[in-house]
Every structure is written in structure tokens, then in C-alpha cells.
Amino acid sequence: MRKISTNNLHGPSLPDDTTVHLVLDLALRIGEVQMASGAGAADVTATILSVTESYGLPHTEVDVIYTSISVSCHRGTEAPPVTAVRVVRQRSLDYTRLAAVEHLVRNLGPVEEAHARLEAITTAKHPYPRWVATAAWAGMAAAVAFLVGGGPSLAVTAAVVTAVIDRVGRVLNRRALPFFFQQLVGGALATGAALTVYATGLLPAVRPSLLVAVSIVVLLSGLALVSTVQDAISGYNVTAAGRTVETVLLSAGLIAGVALAIRTAVHFGLEIRLSDPLPPLISAVPMQFAAGAATSAFFALACYARPRALVAAAVSGAIGTAAYGLVTTFGLDPLLGSAVAAAITGFGGATMTRRLRIPTLVVVQAGVVPLLPGWTTYRGLFQLTAESDPAGLSTLVFASGIALALAGGVVFGEYLAQPVRTGLGRLERKFAGPRMSGPLKPTKRRLE
């Protein structure tokens, strides 16, 4: 009796087994790099499907959760599927690696050659020395200090404190200390430095509350807020839940460090008062542009972005900061103003990154960094710890609302930019969905 081939009526026509395994391994490793760099689950899924489709695997199922990626290739009714799994163990913000992987996906060659190129990307060193990243974090802190109305003294002090925190964090990371405790140490060092400045009176021009607020912005900037909201909106609830738990845990570590330092100071009799009013962004529009641009550019540099991406990030930060200042001038509250400014940032970032061949995630995440609620977070913590005021809890909830408004606004702005990015003339055309990394449109698959 003649056996019916799986390449005929009972399933798709596929390459040989060796090629199938090579393609699935390539797709999984590409998805791993994206996940480790902060890309959303929808982006990772779309990229993997694009890779498998390009190499002749027309029916592939992808399951992405926060810590692992599973890919299964359907081979018809007479042959078992080929399934592969890869665990995402390490995460690091290396935007050069993310951009290189996107370039690889856009220019796939023979699968063996693609494997070699991916191996070169993943094993390459960072494009800048580690001290450049430390200097970038310090520069970002100085830019945020000017953004909230501080002078040169605050900028220099914030830069020095941030550089020390980064180097201490680097040492703790080499010793495999969990990130929760690294955030705790960072918050405690920032607050301890501010309390030292306050107690000694060495720098009377430096407002300790602003120094802590600036440090909080820097420590919050590395959290995957945008990807978390993107996953939730895209329907990847398991991944969104995992990212949410990590974000909450790292934020809790930061909060614990700040609270610990404040409570220690109160315990030893240091009288500290929260007399500073809520600082608005600087009113001069040119200075807003400059400070916002510098904040975003330094953040992108700290994440090892290439020069072209640095320029795009600076433009995004300038637009977002100026938009926030403009809408709040017209009477919008900080929550709604943050959402509107983030939407503008997401729209602008998405429209310019595709032409420049830069991952959208790099630009939009850098663009909202200047708007992170560092001061509001510190104010709530101070009310709860130093003043024992229950109102601090509502202040912290308000700070969380601002962070969610920023992330949601970015995703919505990117969603609105889809017709512009794809060159469509009709808004009625179905949207492809929010995309921060990888191919813009999901790969179409036929049902077998």
C-alpha cells in the first residue's frame, strides 16, 4: 500500500528536517534577543512568524510568555510537529543589539549565513566602554535637574550621585545580587546623599527633595513600562502580568530604599521638612527643548544606542517635553497632560523611526523618560515615612497613574501612526496593531 506523502494532501510542503530545526532555532534566538531588550510579546511573535514564513514554514505556532518562547511547526497529519523552546534568562538594555537583529530580519539570507550573523551580533561587545554608560547616566541626571528647575549645583551633585549609584550597582550585579536589592541600594544611596547635603549645609543651593526626585527618575527609567502596557493591550496577558510583577517589585525596592533612608534619618533625630512646592517644568520653551532632548539622548546612550538613534531620541524627548509643558499651560492636569504628551511622542517616534531603520521602542521609550514621576513618587514616600501622613498613599497611586498614562499614551500614539508609517491613504484600512520592534505587519498564514 502506497504511503501518502505529507508534502501533498495532508499538510504543508516543508524543507528537510535539518532545515526546519535550523530555522526554528534561528527564530527562537532572534525572539530571545528581542525579549531581553524589552520588546513586547506581540513584536516577538510577529518577528518569529516573519522569519519562519521567509524560510518556507507556512504554519508555525508561537507562544511567548515572559520567561520563555515556544515555537511549533505543523507538518501535516502524518508527521509529528517540531517544537522548540528557549528560556529568556538575562535581560539588558542594549539598543544596538536590538537594531542589529532587526536589520538581520529585514535582510535574511541562507539560514546558515543568518545563524552566523546572529552569533556575531549576540557575542559582540557593547559598542561603547562601560564608563561611557556611567557618564551617560550622570549626564541624564544633570539634564533632569535642569528640567525640574534646578541650577548648576543641583545638576553637578545629581550627576555625581548617579555615577556612584551606577558603579555600585555594577559591582552588585557582578555578584549576582537580585535587582530588587540593587534598586533598594540605589534608592537608599540617593536619599542618603540628599540627607547628607541637607544636614551638613555644604550645598545650600541644592534642594535635597529635587536631588532625590532626579535620582528616582534615573532609577525608574530602565523599567519596561511601555512594553508592559503594550502586552496588556495586545492581549498577551500572561507576559503583561509577568512584566507587571517585575516592574512592581523593582519599584518596591526603590521605594523601600528611599523610605529606609528617610526613616533612619527621622529615627536619629534629623528634622526634615517637605517645604518645597511641586516644581513645574521650566517655563522657558527653548530650555525645555534642550533639557528634554538631553535627557532622552543620554538615556539612549546609556542603553548603547548608535549615533543615529541618539539624534532621534533627542528629537523625541524635546517634542514630548515641550508637548507636556504646552498642554499643562492650557490647564490640563498632570495625568491627562502626561497621556497627551506621550501620545504625541509615540506618534512622532513611530513615524520617523521606520525611515531611519531604528526600532521604535528605542525612540519612544527614551522620549517619555523626562516625564517620569520622580518628584511625585518622592513626595508620597516622604508623606508616608517622615510625616506619617496617610495622604502619601494617594500620592503614590497618582504617581503610578502618571506612569501608566505615559506608557498607554505611547502605545496609542504608535497605533495612530500605523497608517502614516505604511503609507496608507485611507484611515478605514485595518490597523496592524501596536508595533515597537520587528516587522510592522504580522505575517499572513494560510490554514492547512
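I began with Q183, which is found in helix α7 (residues 179-200); helices here are DSSP runs of H or I with at least four residues, numbered from the N terminus. The model is predicted, with local features needing pLDDT of at least 70 and side-chain atom pairs counting only at pLDDT 80 or more, while totals for chains, interfaces and linings use all residues. Residues are numbered from 1 along each chain as its sequence is written, and side-chain values use heavy atoms, leaving out hydrogens and water.

Is Q183 buried or exposed? I found Q183 buried, at a relative accessible area of 11% (buried is under 20%, exposed over 50%, partly exposed in between, with a 1.4 Å probe and protein chains only). Leaving aside neighbours within four places in sequence, Q183 is in contact with L219, L250, G253 and L254 (contact means heavy atoms within 4.5 Å).

Next I looked up helix α5 (residues 130-147) and helix α8 (residues 208-220). Their axes come within 9 Å and cross at roughly 130°; axes are lines fitted to C-alpha atoms over the stretch in contact, and angles run from 0 to 180 degrees between N-to-C directions. The two helices are therefore oblique to each other (under 35 degrees is roughly parallel, over 145 roughly antiparallel, 65 to 115 roughly perpendicular, the rest oblique). W137, M140, A141, V144 and A145 in α5 meet V214, V217 and V218 in α8.

I then turned to helix α1 (residues 17-36) and helix α4 (residues 111-123), whose axes come within 10 Å and cross at roughly 25°. That makes α1 roughly parallel to α4. In α1, L22, V23, D25, L26, R29, I30 and V33 meet V111, E112, A114, H115, L118, E119 and T122 of α4. I noted eight nonpolar, two polar and four charged residues in the contact of α1 with α4.

Last, the cores. The largest nonpolar core has 75 residues, and M140, V258, F299 and Y378 have the most contacts inside it (a nonpolar core is a set of buried Ala, Val, Leu, Ile, Met, Phe, Trp, Tyr and Cys residues joined through side-chain atoms within 4.5 Å). Apart from this core lies another, of 32 residues, including V51, Y55, Y66 and V82. Which residues does V258 touch? Not counting residues up to four places away in sequence, I listed G187, A188, T191, V212, I216, Y378 and L381 for V258.

Notes: Nonpolar A, V, L, I, M, F, W, Y, C, P; charged D, E, K, R; others polar.
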